[in-house]
Every structure is written in C-alpha cells, then in structure tokens.
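Student: I have a structure open and want to go through it. Can you take my questions as they come?

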Amino acid sequence: MLEKTFYKTFLSHTFNIPVRVNYWDGTSDVYGTGTPDVTITIHEAIPVREISRNASIALGEAIMDGKIEIDGSIEDLLTAAYENADSFFHNSKFIHFLSKQKHTEKESKTDVQNHYDIGNNFYQLWLDDTMTYSCAYFESPDDDLYTAQVNKVHHIIKKLNPQPGKTLLDIGCGWGTLMLTAAKEYGLHVTGITLSQEQYNYVNQRIQDEGLADVAEVRLEDYRELGNEQWDYITSVGMFEHVGQENLGQYFDCVQKYLMNDGVALIHGITRQQGGANNGWLNKWIFPGGYVPGLIENTTHIIENGLQIDDMEPLRRHYQKTVEIWDKNFNEHRDEVAKMFDEKFVRMWDLYLQACAASFKSGNIDVIQYLISKGPSARMLPMTRDYMYDGTHAQAPVTD
C-alpha cells in the first residue's frame with residue numbers, strides 16, 4: 001500500500017501533460033487534465049529504494065527489461081518531465097550520480113570502444129550515408145538527413161576560413177566525413193584521430209579507396225599524445241562530452257598547444273546552458289564516463305588556456321531534429337537490430353535516442369559551436385559572418 005502511494009505521488013508530480021498509468025495490480029489512474037496521448041504500464045513495481053537511489057537508472061532499466069512499457073511517444077513523455085519543475089529530473093531526492101568516472105588514456109579508450117565499436121553495420125542501419133554521428137545542420141526544413149549532415153560539415157569548415165595547402169587536425173574524427181571533405185574540397189592536408197578501432201579501420205580504408213594518402217591520415221591515438229605537432233586549423237565534433245569534467249581544462253589546453261599562432265579551431269559539442277551535469281542511466285548504459293559541460297565552464301577553460309572566442313552558435317533545434325530522424329530510422333530496423341543484439345538492447349537504444357530528443361526539445365541540453373583562435377580574436381578571419389554563408393570554399397584572410 002505504501003509503495004502504491006509513493007508511485008501515485010511520484011507520478012502525479014512528474015509530468016505536465018495528461019498521462020494514463022496502468023498499475024501492476026490492474027488499477028489505472030490518469031494524471032493531468034485532458035485525454036492522455038501516452039500510457040505507462042507498470043507490469044512490476046520497481047522497489048522504492050531503487051527509485052530513491054537514482055530514478056533515471058531505476059526507471060531506465062525497468063523500461064529496458066520490459067517491466068515498464070510506454071504506449072505513445074517517449075520523447076513527449078520525457079519532454080514533459082524535463083519541463084515540469086517538480087519532476088524527478090529536478091528533485092535532488094532522486095538525483096544521485098554514479099561514482100566519479102576515471103579518464104586516463106586506458107579508460108577513455110575503453111569508454112569509446114564500448115560505444116562506437118559495437119559494429120559499423122549497426123550504425124549503418126540508421127545513420128545516413130556520410131556515417132556522421134553528430135548534430136546535422138538543416139539549412140531548409142525540407143533537407144533530408146544526408147543533405148543536413150553535408151551542410152554541417154561545410155558549415156564547420158567554412159567557419160575556419162580555410163586556405164588551401166594548410167593543415168587541419170580533426171580530434172575525434174568519427175567515420176571521417178569532415179576531415180576527408182576538408183581534404184577533397186578545401187585543399188587541406190588533414191589528420192584525424194580516434195580511439196575507436198572500427199572508425200580507424202573505416203577511415204583508413206576510405207583514404208586508400210579515394211586516393212587521398214598524400215593529403216590525409218588517420219591515427220588510432222589519444223588526443224593527449226600528439227607531442228609537439230601543430231596545425232593551422234583544428235576541428236572537434238562531439239568530443240569534449242567524453243573527456244570528463246576533470247579533463248576539460250587539459251582538453252582545451254591541447255587545442256591551444258596543437259594550434260599554430262593565429263590558428264583557428266571550431267569546437268562543436270553538447271553543452272548545458274544551465275551548468276554541467278551527467279545522467280546516471282546514460283552514464284551506466286550508453287556513454288560510460290560521459291559529462292555534459294556547462295556553457296560558462298567551457299568558456300572559462302577556453303579563456304584560461306590562452307584562447308579567444310570568435311563566435312558561438314547554438315544548434316539545439318538542429319540536434320533535436322537530427323535525433324528524431326535517427327530514432328525513426330532506428331525503429332524501421334528494429335527487427336534487424338534485435339537479431340544483432342536482443343530486445344533489451346532495442347528498448348535501451350530507442351529510449352536513449354528519444355530521451356536525447358526530449359532533452360534537446362526541452363532545452364535541458366544544447367549543442368554549441370565555439371569558434372576560437374590562438375591569438376587576438378578573429379584576427380585571421382573576415383570582419384563579418386558573411387563569409388560563412390556565401391557559398392565559396394575559401395577566402396583570403398583579413399589581417400589587422
């Protein structure tokens with residue numbers, strides 16, 4: 001009886017939309033005003049102590065195990081919880097983070113491989129043909145995912161105002177689309193680094209297949225181990241979320257160290273405008289060691305490491321749309337994914353994608369592009385932002 005009372009109180013304070021809840025004893029309640037579009041069926045009561053210990057882990061694992069089923073949009077349900085100031089997402093009684101995650105080079109490599117090395121064939125099912133696993137850029141509402149990912153790559157590279165013949169380092173190069181586009185279409189000599197064996201093999205094969213060995217290389221190497229090498233430009237997309245809170249300063253120090261004087265970097269990553277945070281369930285099941293830094297946290301590290309900010313651009317709505325398309329693609333291949341793994345994995349990954357979409361939709365997290373320079377801000381860039389959008393691939397710099 002006390003357990004049922006806890007659930008009723010817990011759920012009645014969680015959502016700002018009408019939700020039907022079917023309990024394990026056959027009873028039902030509707031919370032909120034109106035006709036529910038989402039129904040939660042609790043087949044088995046999750047112990048109160050587990051929810052109190054960490055609600056996101058307890059509820060996430062219950063969904064993975066089929067103990068809780070959701071009929072309707074998980075994204076809408078979690079968006080409602082994020083937007084409700086009284087929900088468990090904002091209640092300190094239900095937020096208990098995992099123990100501090102280590103980020104030595106060995107642990108970082110293990111974390112990356114746990115997520116990215118589950119198989120290129122898995123990611124090929126629901127990513128687009130560019131194999132880009134980061135926020136797309138929708139120049140038009142009608143852009144498909146492939147077009148938007150190509151847009152994103154050019155949007156990033158053009159912000160650097162790259163000059164042909166110069167060098168670019170891509171920290172966390174993924175499956176190589178950005179770095180190889182920079183080589184083929186902007187005339188840059190590029191180096192990509194990754195800790196994923198699958199990504200390294202994939203990019204290396206692309207370099208050979210496309211005859212780019214004289215202008216492109218990929219390394220299976222930690223970003224902290226590049227010695228005294230320097231590049232004219234640096235890009236890093238979706239990387240700093242993986243380095244850990246304790247290593248953010250070192251990460252931006254490495255960007256500064258690897259940039260030549262007056263070099264320019266475009267750092268693109270998930271950021272919380274409200275301040276840094278992690279999520280227990282995501283940390284345990286999806287991104288071990290993950291940490292989303294706060295906006296002020298990042299800008300402080302940038303400045304403290306002798307870099308200057310040239311421009312910042314939030315792309316929250318773009319990432320929301322990107323993840324929604326990924327989840328649609330993923331669900332079109334549910335049976336194939338289940339054969340690769342199992343039903344628990346399918347429920348886990350669907351929850352992950354919809355939870356991310358909800359987090360972006362509600363403004364709980366953002367994704368921001370930081371254009372930064374080693375030297376006085378924008379000294380090697382044109383005076384206005386027009387160069388980012390004029391359709392050309394390179395311009396002469398405007399110097400002081």
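What follows is a short chat about the fold and some of its residues.

Tutor: This is a predicted model, where local features need pLDDT of at least 70, side-chain atom pairs count only at pLDDT 80 or more, and totals for chains, interfaces and linings use all residues. Residues are numbered from 1 along each chain as its sequence is written, and side-chain values use heavy atoms, with hydrogens and water left out.

Student: How many helices and strands does the protein have?

Tutor: There are 15 helices and 11 strands, taken as DSSP runs (H or I, at least four residues, for helices; E, at least two, for strands) and numbered from the N terminus.

Student: And what share of the residues is buried?

Tutor: Of 400 residues, 54% are buried. Buried means under 20% relative accessible area, exposed over 50%, and partly exposed in between (1.4 Å probe, protein chains only).

Student: Where is Lys 321?

Tutor: Lys 321 sits in helix H13, residues 316-331.

Student: Why does Lys 321 count as partly exposed?

Tutor: Because its relative accessible area is 27%, which falls between the two cut-offs.

Student: What does Lys 321 touch, beyond its neighbours within four places in sequence?

Tutor: Lys 321 is in contact with Phe 138 and Pro 141, contact being heavy atoms within 4.5 Å. Cys 135 is 186 residues away from Lys 321 in sequence, yet their C-alpha atoms are 8.7 Å apart.

Student: Change of topic: which helix holds Glu 336?

Tutor: Glu 336 belongs to helix H14, residues 334-340. Glu 336 is partly exposed, at 37% relative accessibility.
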